[in-house]
Amino acid sequence: MSKRPRVGIIIEKGAEDILRRQRGRFVNSFIPDTQNTRPFRDALSQFGTGITVVTVNTPNGPMGITANSFASVSLDPPLVLWSPSNASRRAAFFIEAEHYAIHILGKDQAHISHAFAKVPHSFGALSYKESEHGVPLIDGCLATFECRHHAAHEGGDHTIIVGEVERVTTGEGEPLLFHAGSFGTFHADL
């Protein structure tokens, strides 16, 4: 019968990978590169995020995309960012848009997230209106940020889009969260 490893003892060591046990948990350490994209994505998924849908008006009609790469940047001026994948056929519409909206989804809106993750023109069954700039604004979200293009920056295989927030609309409810490949909600217990 083999003994269980002690804290801090290396169990397996590859050229760039180290799997060790620390404080009762296995810890995998690696250098992120093209050989480790899945473990890198898995590590990133440990950061729980909210879910947004970003919308824009295009020559082909209203378009949306699901994104969890959303963050505040500045209060003065009011700036936010998000970053679509350059591999997405939708990316160019958002990178080039003068106006767009970012919608923070509530726990009962997972279907909206799923719809826009797959189909860019998923507005058929949704209740929405258009902003003064023609941008689709989805009803019932926890928050909607109507943005004007401020900047776009290369960020590896993504583009970081910074928007100046021109109008905010807020609602009530619990957020839709994403962690380790699953949707959930937040329950304050600390």
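These are my notebook entries on a few places I looked up in this structure, which is a predicted model.

**Entry 1: the nonpolar cores**

I began with the inside of the protein. As a general rule, nonpolar side chains in soluble globular proteins tend to be buried together. Here the largest nonpolar core has 16 residues. I noted the ones with the most contacts inside it: Val54, Trp82, Phe94, Tyr100, Ile102 and Cys147.

I then picked Ile102 and listed its neighbours, leaving out residues up to four places away in sequence. Ile102 touches Thr52, Val53 and Val54, then Phe70, Val80 and Trp82, and also Ala143, Thr144, Phe145 and Cys147. There is a second, separate core of 11 residues as well, and Leu105, Phe116, Phe123 and Leu176 are among them.

**Entry 2: aromatic rings**

How many aromatic pairs does a search of the whole structure find? I got 6. In the pair of Phe70 and Phe145, the ring centres are 5.6 Å apart. Their planes stand at 35 degrees, so I wrote this pair down as tilted. It links distant parts of the chain, since Phe70 is in strand β7 (residues 70-75) and Phe145 is in strand β12 (residues 143-155), 75 residues apart.

Phe70 is partly exposed, with a relative accessible area of 25%, while Phe145 is buried, at 16%. Elsewhere, ring pairs join Trp82, Phe94 and Tyr100 into a cluster.

From Phe70 I followed strand β7 onward. β7 pairs with strand β8 (residues 78-82) in the antiparallel sense, over 5 bridges. The two form a hairpin, with 2 residues between them. Across this pairing, Ser72 stands opposite Val80 in β8.

β8 has another partner, strand β13 (residues 158-170), again antiparallel, over 4 bridges. There I found Glu164 of β13 as the bridge partner of Leu79.

**Entry 3: helix α3**

Which residues of helix α3 (residues 110-118) are buried? I noted Ala110, Ile112, Ser113 and Phe116. Seen down the helix axis, the buried residues fall within an arc of 160 degrees, so they line one face of α3. For background, an α-helix has 3.6 residues a turn, so residues three or four places apart point the same way. The buried residues of α3 pack against β5 (52-58), β6 (61-67), β11 (136-138) and β15 (182-184). Phe116 also turned up in the second core.

**Entry 4: two threonines**

Thr58 lies in strand β5 and counts as buried, at 9% relative accessibility. Its side chain reaches the backbone oxygen of Gly61 at 2.6 Å. Leaving aside neighbours within four places in sequence, Thr58 is in contact with Met63, Phe93 and His121.

Thr49 is found in strand β4 (residues 49-50). Is Thr49 buried or exposed? Thr49 counts as buried, because its relative accessibility is 12% and the cut-off is under 20%. A polar contact of 3.3 Å joins its side chain to that of Asn68. Beyond four places in sequence, Thr49 is in contact with Asn68, Leu176, Leu177 and Phe178. I also looked up Ala67, which is 18 residues from Thr49 in sequence and 9.9 Å away in space, C-alpha to C-alpha.

Key: Residues numbered from 1 in each chain as written. Predicted model: local features only at pLDDT ≥ 70, side-chain atom pairs only at ≥ 80, totals over all residues. Heavy atoms only, no water. Phe/Tyr/Trp six-rings, centres within 6.5 Å; stacked < 30°, edge-to-face > 60°. Buried < 20%, exposed > 50% of the residue type's maximum accessible area, 1.4 Å probe, protein only. Contact = heavy atoms within 4.5 Å. Polar contact = N/O pair within 3.5 Å; in protein donor to acceptor, adjacent residues only side chain to side chain. Pairing = 2+ DSSP bridges. Arc of directions from axis to C-beta. Core = buried A, V, L, I, M, F, W, Y, C linked by side-chain atoms within 4.5 Å.
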